Amino acid sequence: MATDYYAELGVDRNATDADIKKAYRKLARELHPDVNPDPGAQERFKRISAAYEVLTDPEKRRIVDLGGDPLAPGGGGGGSPFGGAGFNVGDIFDAFFGGGTGGGRGPQPRKRAGNDALIGMELDLSEAAFGVEKPLTLDTAVLCETCAGEGTAPGTHVDTCPQCQGRGEVQTVARTLLGQVMTTRACPRCGGTGTVIPTPCGTCGGDGRVRARRTVTVKVPAGVEDGMRIRMAGQGEVGPGGGPAGDVYVEVHERRHPTFTRDGDALHCELHLPMTAAALGTTIKLETLDGDEDVHVKPGTQTGTVVTVRGKGVPRLRSTGRGDLYVHVSVTTPTHLDPEQEELLRKLAALRGEEHPDGQAHDGGGLFGRLRDAFTGR
């Protein structure tokens, strides 16, 4: 069965050359071996490259439209769509996407910067509020002490790469669907550095770094919030060849507090008061982040009242001052009364004329009252 080259590129049979080129470029960016190492993706890249070569050649496309396969033996295509022996499918990618036809990049440094690391750290509310210094254990790459990052065995040194003669790159000429193209790519022998290590260091194997576990101290500033990251410059892994170390980013995760909830630099908590205390007023000793604090509740306090305690919230990050603590009052109605308590409450109700409340809601002249007056003409 003939290959469906249109389906390989995902275009219909009426596609223009521009449509075919656009579809090929999109797929090539996803499937090129330098981008996608999956073996299946590499095989697919070869197929879409063949499809592109066929569909952009008028004679070969005519054979496809007649039901033939120009690349099949005897099909008029003559075997491989890429012609010359030793052609690398990456060459066409270079030709399309600027991989370096002609000019060179020169040798790349053997020393390269190390990677950054992201590590989570859990903190209590008080630790996040007031700041803290905590130890952090890292399992990362450090400089090899045997070779001081050079990667060579003691008494030896690096040599010029015999394949690229120190240029760090090699050039090839191939016949492609674009014609004859000269491509420049990193030397496979030295990896683009222009040098090789004849005798690698026995400790690091030529990498210039080894794995090790170490402990560093994280300084958490006062006022840090959940999800924020603290940067520790130069504490990440050492780069290949003993290159500069990357950074460590410590992401803060604040544990839930049993009493307080946090909103920026403000703290909130709920205070349950007996009905009698809310009616008569009282002073409650509340445990805050700074210790015990007296909270004064006015007589006649209702559920939903918020008492503000100034300056007992969280210190402001990289600033002065602190937020406030907001105490949300919830009045508790007793559910179980002994006979004496019930009698006292009945006497109180009689004194206040509340033995038989009408049960009607009053809005105090608020929004609903104004709406009612508008409809009744009052």
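Start by selecting V307 and V327: V307 stands opposite V327, which sits in β15. Keep in mind as you click around that this is a predicted model.

Pick β14 (306-309) and β15 (residues 325-332). They run antiparallel, and four bridges join them. In general, strands of a sheet pair through backbone hydrogen bonds, either parallel or antiparallel.

Next, bring in the rest of the sheet. What order do the four strands take? Follow β10-β11-β15-β14 and you have an open sheet with mixed pairing. Look at the edges: β10 (261-263) and β14 each pair on one side only.

Time to move to the largest pocket, which holds about 430 Å³ of space. Select M275, T276, A279, L345 and L348: of the 16 lining residues, these are the closest to the pocket's centre. Then show α7 (275-280) and α8 (339-351), the elements that give two or more residues to the lining. Which of them gives the largest share of the lining? That's α8, with five residues.

Last stop: E8, in helix α1 (residues 5-9). Is E8 buried or exposed? E8 counts as buried because its relative accessibility is 15%, below the 20% cut-off. To see what is around E8, select T3, L27, R44, R47, I48 and A51: E8 is in contact with these, leaving aside its neighbours within four places in sequence.

Notes
Residues are numbered from 1 along each chain as its sequence is written. This is a predicted model: local features need pLDDT of at least 70, side-chain atom pairs count only at pLDDT 80 or more; totals for chains, interfaces and linings use all residues. Side-chain values use heavy atoms; hydrogens and water are left out. On a 1 Å grid over the protein atoms alone, a cavity is a set of points where a 1.4 Å probe fits but cannot get out, and a pocket is an open set with protein on both sides within 12 Å along at least five of seven lines; lining residues have an atom within 4 Å of a point. Grid points are joined across faces, edges and corners, and a volume is the space filled by probe spheres set on the points. Buried means under 20% relative accessible area, exposed over 50%, partly exposed in between (1.4 Å probe, protein chains only). Contact means heavy atoms within 4.5 Å. Two strands pair if DSSP finds at least two bridges between them.
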